[in-house]
Amino acid sequence: MRQVARRISTYTADVSGVCSALYELGGMVVMHDPSGCNSTYNTHDEPRWYAMDSLIFISGLAEIDAIMGNDDKLIDDVVTAAKQLSPQFVALARTPIPMLNGTDFDAIASVIERKAGIPVFYFPTNGTHSYVYGVGMALEKIADYYTGDGCEEQSDCDADGIRVNLLGVTPLDFSVTGTVESMKELLKEEGFALVSCMAMGSSLEEISQAGWADVNLVVSSVGLPAARLLQKKFGTPYVVGTPVGRFVNQIATDLRTAADTGKSIISCNARPDSVDSKIALIGESVLSGSMAAAISQVHGKAVKVICPLEAEEGLFVPGDVRASEEEELEKILKDMSVIIADPMYRPICPEDAAFYELPHEAFSGRIYRRKIPDFVKILQ
Amino acid sequence: MLKKIHGLVSELEAAWPISETSYPVPFPSQLEYNSAAHGTWNIVHIGMLIPDAHQIYICTGNCNRGVVLTAAEMNASHRFSTITVKEENILDGDMEELIIDGVTDILEHLDRKPPAVIVFPSCVHRFMGCDIPMVYRVLRSRYPDIYFVEGYMDCILQKAGITPDQRLRRELYSCLEAQPLNSKSVNIIGNTLRVDKDCELVELVGRAGCELKQISACKTFEEYLSMGESYLNLTLLPVGKIPAETLKERLGMKHLYLPQCFGYEEIAGYLELLAKELQVAPLDVKERMERCEAALQKAKEVIGDTPIVIDYTAIPRPLGLARLLLEHGFSVIRVYADSFIPDEEEDFRWLQAHNPQLMIYSTIHVKMRVLPRIIETKVLAIGQKAAYFTGTPYFVNMVEGGGLYGFSGICKMAELMTEAFLEEKDTEDLIKRKGLGCESCI
């Protein structure tokens with residue numbers, strides 16, 4: 001593999017994933033980077049940048065500081081900014097150059113924490129992984145730190161119904177076109193009580209109550225690390241699946257079952273195997289699997305999920321494929337008659353295949369945002 | 001509406017009266033905020049100026065994403081490819097092979113070979129000591145009919161030495177070859193936007209019977225190559241100086257630095273210099289100064305005492321424009337700039353002495369993220385960042401000088417200010433688009 005993308009886009013990377021996950025939580029995220037990461041993030045990965053404040057900055061790493069190992073500048077700058085802006089926490093995200101020169105972030109985080117007097121989290125991103133890794137790591141850390149040891153008195157979580165956290169919610173998978181609101185509304189309609197949504201529309205205070213949920217709903221693979229953490233910490237089972245169209249009934253049933261039995265359920269692979277399928281769906285594993293399930297329910301056809309991102313085998317059915325290289329994808333797609341994918345995949349799709357646009361913010365950014373559907377409301 | 005999730009902070013440290021501002025860097029280097037105004041050109045936009053050239057970026061996914069989507073948003077994905085650096089490449093040290101094989105693969109799969117390829121290694125290659133000259137030697141021997149232009153996306157040099165933007169503007173002309181110089185051909189070097197055809201500079205070049213060439217006007221690669229015959233290069237922006245000096249050394253072309261500015265005497269001096277070089281009669285600058293006076297007066301009658309804010313992305317000399325406007329009775333209250341170029345020193349000192357209350361605002365200071373982006377009264381902004389930070393729909397949508405020049409440039413600026421004052425714009429929609437002047441599909 002030559003790691004070449006001749007015609008297609010590139011997925012949002014881990015650094016932006018950290019920023020996206022922490023965007024609404026009142027912290028200050030610092031990408032330790034010379035330049036560019038910030039602009040890429042706020043232009044192509046972050047639809048909230050114009051209308052919603054968030055303290056996300058770059059350190060402006062200079063060559064001389066990188067070579068001489070001048071970590072004091074980063075420490076001083078972060079502490080100064082923290083004192084000026086009073087964030088709830090500081091998050092440090094690594095980028096390629098600090099990885100290359102072996103910057104000791106654990107030590108830096110420790111010094112900043114002592115000087116600034118607020119929690120400091122370090123995320124070992126390096127720009128070579130996708131957002132799945134970055135978001136996953138960030139949500140797991142937040143879920144761990146802010147839910148405490150799980151022994152606190154239950155406060156305002158006495159809501160009626162089965163209590164649920166939504167895990168893995170960022171604009172990178174769901175954009176800002178209504179899906180997040182619809183998922184929350186759906187849970188309410190189905191009689192569930194939402195404890196927190198990680199991490200859109202919930203405060204740190206709400207997230208700190210996450211341990212009181214009866215079950216967690218993982219709507220994107222980025223929520224899996226947090227789900228496992230909460231299971232380990234509080235014994236909370238989780239359901240993996242996105243409420244897409246008609247598939248919402250399955251999700252609701254699985255949530256009740258999981259809450260009742262305490263056993264986790266992978267819902268997104270509850271669909272026919274796709275070995276012989278000529279219908280391809282390219283995207284993130286959980287959302288794509290759930291959509292494939294919804295298509296199967298509505299149209300009676302098996303769909304082959306092609307996942308170009310990090311994902312676990314257990315999320316797929318036989319016939320699904322994990323592939324990320326353009327050349328590899330092109331070979332798989334040439335045998336397909338129907339392709340559902342982000343429009344930026346179209347150049348590598350066979351001309352005689354029917355192509356259905358399914359824009360993904362983490363692939364084409366803002367270009368096709370207007371066409372990103374409310375996933376709850378499609379495929380009814 | 002802006003949703004605030006943080007408390008209010010004071011603007012202290014993010015803004016100073018010019019009387020208390022240090023020159024040329026008003027604010028210390030700290031963490032940096034990147035505003036939502038994206039109209040300035042980046043290296044992708046600049047690289048697209050070479051007609052039919054193909055760009056190839058080699059970096060981690062994180063860096064590639066910004067550039068691949070820049071190309072896509074300007075409907076130029078067909079002229080753009082990437083090679084992704086993975087963790088194992090960094091550990092295995094096979095970076096040269098990755099680039100050579102990747103570029104070869106891309107070229108072999110293109111429908112037709114481009115006349116030029118701009119290759120962009122990145123910071124990781126610099127830090128790993130990657131043998132980039134060897135990479136180019138191999139590629140040039142493999143594809144002798146293709147010009148390989150040496151780009152670099154090494155953002156780590158943003159604060160020292162030559163920046164990626166400056167380097168690319170220099171390399172943009174590297175395909176031009178030595179040839180007999182033509183005394184009837186003149187280039188403008190370093191501009192990304194076409195220079196206004198009505199300006200005195202264009203008029204003088206025309207009077208001398210010379211053809212004026214600029215890369216932004218070249219439709220074909222051959223047209224671009226023909227810039228190599230010009231005997232004279234004119235640079236109107238500070239970023240043009242390095243490429244023009246490089247061409248002077250490499251191809252023996254003359255270079256005149258005639259920067260865009262707003263002082264009558266300074267403009268007159270540059271026009272006189274150009275007339276002398278071109279051996280044509282000097283222009284009647286008095287008459288043109290009177291036209292400027294009339295245009296500014298007319299604009300003042302409409303705009304009145306409305307507060308005006310200016311940013312450095314609109315024009316490289318915001319202090320010069322602020323001074324001109326203040327001298328003509330306009331109410332300039334703020335200039336947004338993180339540093340000033342050497343050409344601005346005289347205007348800086350003048351403003352300190354005559355308008356010490358003028359406020360200088362940073363655009364990247366962390367506090368700029370949370371300071372209110374609204375002014376209660378009507379504000380006229382010149383530049384996208386100035387519009388963004390004041391929340392005004394009344395703004396001159398311009399980057400990099402807008403191609404304006406000379407006395408006619410002042411008259412046009414006055415017209416643009418009047419037009420901006422009278423007509424509301426959709427600020428968010430306009431400023432979030434990248435590369436003002438390029439296509440935008442969003």
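Me: At what angle do helix 12 (residues 285-303) of chain B and helix 16 (residues 406-422) of chain B pack?
Reply: This is a predicted model, in which local features need pLDDT of at least 70 and side-chain atom pairs count only at pLDDT 80 or more, while totals for chains, interfaces and linings use all residues. Residues are numbered from 1 along each chain as its sequence is written, and chains are lettered from A and ligands numbered from 1 in the order in which they are written. Helices (H or I, at least four residues) and strands (E, at least two) are DSSP runs numbered from the N terminus, and axes are lines fitted to C-alpha atoms, for helices over the stretch in contact, with angles from 0 to 180 degrees between N-to-C directions. The axes of helix 12 and helix 16 of chain B are 8 Å apart, and the packing angle is about 10 degrees.

Me: How are helix 12 of chain B and helix 16 of chain B oriented to each other, roughly parallel or roughly antiparallel?
Reply: Angles under 35 degrees count as roughly parallel, over 145 as roughly antiparallel, 65 to 115 as roughly perpendicular and the rest as oblique. The angle here is about 10 degrees, and the two helices are therefore roughly parallel.

Me: How many nonpolar residues does the contact of helix 12 of chain B with helix 16 of chain B have?
Reply: Residues are in contact if their C-beta atoms, placed from the backbone, lie within 7 Å. Helix 12 of chain B contributes residues including M289(B), L296(B) and V302(B), and helix 16 of chain B contributes residues including F407(B), I410(B) and F421(B). Ala, Val, Leu, Ile, Met, Phe, Trp, Tyr, Cys and Pro count as nonpolar, Asp, Glu, Lys and Arg as charged, and the others, Gly among them, as polar. Besides 1 polar and 4 charged residues, the nonpolar count is 14.

Me: Which helix of chain B gives the most to the side of chain B that touches chain A?
Reply: Between the chains, 60 residues of chain A are in contact with 59 residues of chain B. Elements that each supply at least two residues of that side of chain B include strand 3 (80-84), helix 4 (95-109) and helix 5 (123-128). By class, the side holds 26 nonpolar, 18 polar and 15 charged residues. The greatest contribution, 10 residues, comes from helix 2.

Me: Which residue of strand 3 of chain B stands opposite V4(A)?
Reply: Strands pair if DSSP finds at least two bridges between them. Strand 1 (residues 4-5) of chain A and strand 3 of chain B run antiparallel and are joined by 2 bridges. Opposite V4(A) stands I83(B).

Me: Which hand does the crossing of helix 7 of chain A and helix 11 of chain A have?
Reply: The axes of helix 7 (residues 131-146) and helix 11 (residues 224-234) of chain A come within 7 Å and cross at roughly 25 degrees, so helix 7 is roughly parallel to helix 11. Among the contact residues are M137(A) and L139(A) of helix 7 and L229(A) and L230(A) of helix 11. The contact residues divide into 8 nonpolar, 1 polar and 2 charged. The crossing is right-handed.

Me: In strand 12 of chain A, which residue is the bridge partner of A280(A)?
Reply: The order 13-12-11-14-15 describes an open sheet of 5 strands in chain A, with parallel pairing. Strand 11 (residues 279-282) and strand 12 (residues 304-307) of chain A pair over 3 bridges. Helix 13 (residues 285-299) of chain A lies across these two strands, at about 170 degrees to strand 12. The partner of A280(A) is K304(A).

Me: Which residue in strand 9 of chain B is the bridge partner of L232(B)?
Reply: In chain B, 4 strands form an open sheet in the order 7-6-8-9, with parallel pairing. Strand 7 (211-214) and strand 9 (254-257) are its edge strands. Strand 8 (residues 230-235) and strand 9 of chain B pair over 4 bridges, and the partner of L232(B) is K254(B).

Me: How many Å separate the centres of domain 1 of chain A and domain 3 of chain A?
Reply: Domain bounds come from an automatic or database domain assignment, which gives chain A domain 1 (14-129), domain 2 (163-266) and domain 3 (279-371). In this chain, 4 residues of domain 1 are in contact with 5 residues of domain 3. Taken over C-alpha atoms, the separation of the two centres is 33 Å.

Technical notes
Left-handed = near helix turned anticlockwise from the far one by under 90°.
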